[in-house]
Structures are given as C-alpha cells and as structure tokens.
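Below is a set of questions and answers on a ligand site and the residues around it. The structure comes first.

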Amino acid sequence: MKDDCLFCKIIAGEIPSTKVYEDETVYAFRDINPQAPVHILVVPKEHVCCARAIDETNSQLVAKCFEAIAKIAKAEGLDNGYRVINNCGEDGGQTVMHLHFHLLGGLKLSEKMV
Ligand code: 5GP
Ligand code: ZN
C-alpha cells in the first residue's frame with residue numbers, strides 16, 4: 001500500500017467505495033463521477049502507478065484485471081458489449097496514479113478516438 005494513494009486507501013477500506021467485485025488480486029468499485037450507466041473502476045490491489053510500470057514481473061495483474069472485467073460485465077448485464085479504457089500518465093489524462101481500468105457500458109457508446 002502506498003500511503004498517499006487514493007485507490008490504495010479505497011482498497012484498504014479507509015475511504016468508502018461502492019464495491020462491485022473483489023478477489024485476492026483485484027478490487028472493483030463504481031466511479032464517483034460516472035460517464036455511462038455502468039462505470040466501474042477495476043484495479044489491482046497491489047500498488048502499480050500506471051500502465052507504463054507493467055513489466056514481466058507484474059503483468060499477471062493486468063490479466064487478473066481483465067478476468068475480473070469479464071465477470072463483472074456479465075454480472076452487470078453488459079451482454080451487448082462495453083468499453084475498457086486505461087489512461088496513462090499526463091498526456092493520457094490519468095488523474096489517479098494507481099493503475100486502473102475503466103469499464104463503461106449500459107448504452108451504445110458514441111465518443112470514439114480509435
Ligand atoms: P483517471 O482520470 O485517472 O483515468 O480516472 C480516475 C477516476 O477516478 C475518475 O473517473 C474519477 O471520477 C474517479 N475517482 C476519483 N476519486 C474517486 C473517489 O474518491 N471514489 C471513486 N469511486 N472514484 C473516484
Ligand atoms: Zn495505490
């Protein structure tokens with residue numbers, strides 16, 4: 001746990017969150033400022049700052065996040081599809097420096113860069 005990290009505090013239960021999923025590696029909770037009917041943040045419990053810090057020693061955390069995303073999407077009824085977004089660093093628009101994936105769905109998503 002990184003003491004000054006918002007998501008580490010959420011994972012530790014020091015800051016309340018609306019949990020939707022948890023296992024030994026992954027924690028998932030609803031975004032406080034949802035951009036879609038379903039907007040869930042999926043994070044590894046271990047503190048990793050961002051996608052750029054992923055290497056061969058910790059890439060299994062990403063795999064576990066995506067396993068969780070598939071389960072959560074099913075539980076949330078996103079049978080027609082969804083979008084997963086990772087913002088990395090300043091140019092990527094990352095505001096919380098603890099690796100996380102946005103799971104967005106519940107409507108036909110329109111804004112699309114790629
Ligand atoms: P980023 O901009 O880093 O990709 O995403 C950070 C996300 O965290 C934003 O979508 C923001 O709404 C969300 N967020 C920031 N603070 C909190 C909080 O205290 N609780 C929850 N549930 N979400 C938060
Ligand atoms: Zn953290």
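**Ligand site and buried residues**

Pro44 counts as buried, at 0% relative accessibility. Buried means under 20% relative accessible area, exposed over 50%, and partly exposed in between, with a 1.4 Å probe and protein chains only. This is a predicted model in which local features need pLDDT of at least 70, side-chain atom pairs count only at pLDDT 80 or more, and totals for chains, interfaces and linings use all residues. Residues are numbered from 1 along each chain as its sequence is written, chains are lettered from A and ligands numbered from 1 in the order in which they are written, and side-chain values use heavy atoms, with hydrogens and water left out.

Q: In which strand is Pro44 found?
A: Helices (H or I, at least four residues) and strands (E, at least two) are DSSP runs, numbered from the N terminus. By that numbering, the strand of residues 38–44 that holds Pro44 is β3.

Q: How far apart in space are Pro44 and Leu99, C-alpha to C-alpha?
A: In sequence, Pro44 and Leu99 are 55 residues apart. In space, their C-alpha to C-alpha distance is 7.1 Å.

Q: How many residues surround ligand 1?
A: A residue is near a molecule if one of its heavy atoms lies within 4 Å of it. The closest to ligand 1 are Arg30, Asp31, Asn87, Thr95 and His102. The number of residues surrounding ligand 1 is 16.

Q: How many residues of the shell around ligand 1 are charged?
A: Ala, Val, Leu, Ile, Met, Phe, Trp, Tyr, Cys and Pro count as nonpolar, Asp, Glu, Lys and Arg as charged, and the others, Gly among them, as polar. The shell around ligand 1 has seven nonpolar and seven polar residues, and the charged ones number two.

Q: What is the distance from an oxygen atom of ligand 1 to an N or O atom in the side chain of Asn87?
A: A polar contact is a pair of N or O atoms within 3.5 Å; within protein, one must be able to donate a hydrogen and the other to accept it, and residues adjacent in sequence count only if both atoms are side-chain atoms. A backbone N or O atom of Gly93 lies 3.4 Å from an oxygen atom of ligand 1, and for an N or O atom in the side chain of His100 the distance is 2.9 Å. For the side chain of Asn87 it is 2.8 Å.

Q: How much of the area that ligand 1 exposes when taken alone does the protein bury?
A: Accessible areas come from the Shrake-Rupley method with a 1.4 Å probe; for residues, only the protein chains shown count as cover. Taken alone, ligand 1 exposes 520 Å². The share buried by the protein is 82%.

Q: Which element gives the largest share of the shell around ligand 1?
A: Two elements give two or more residues to that shell, namely α1 (6–11) and β2 (26–30). The largest share, three residues, comes from α1.

Q: Is Ile10 buried or exposed?
A: Ile10 lies in helix α1. Its relative accessible area is 8%, so Ile10 is buried.

Q: Which side chain does His102 join in a polar contact of 2.8 Å?
A: His102 is found in strand β5, residues 101–105. His102 is buried, because its relative accessible area is 13%. The 2.8 Å polar contact joins the side chain of His102 to that of His39.
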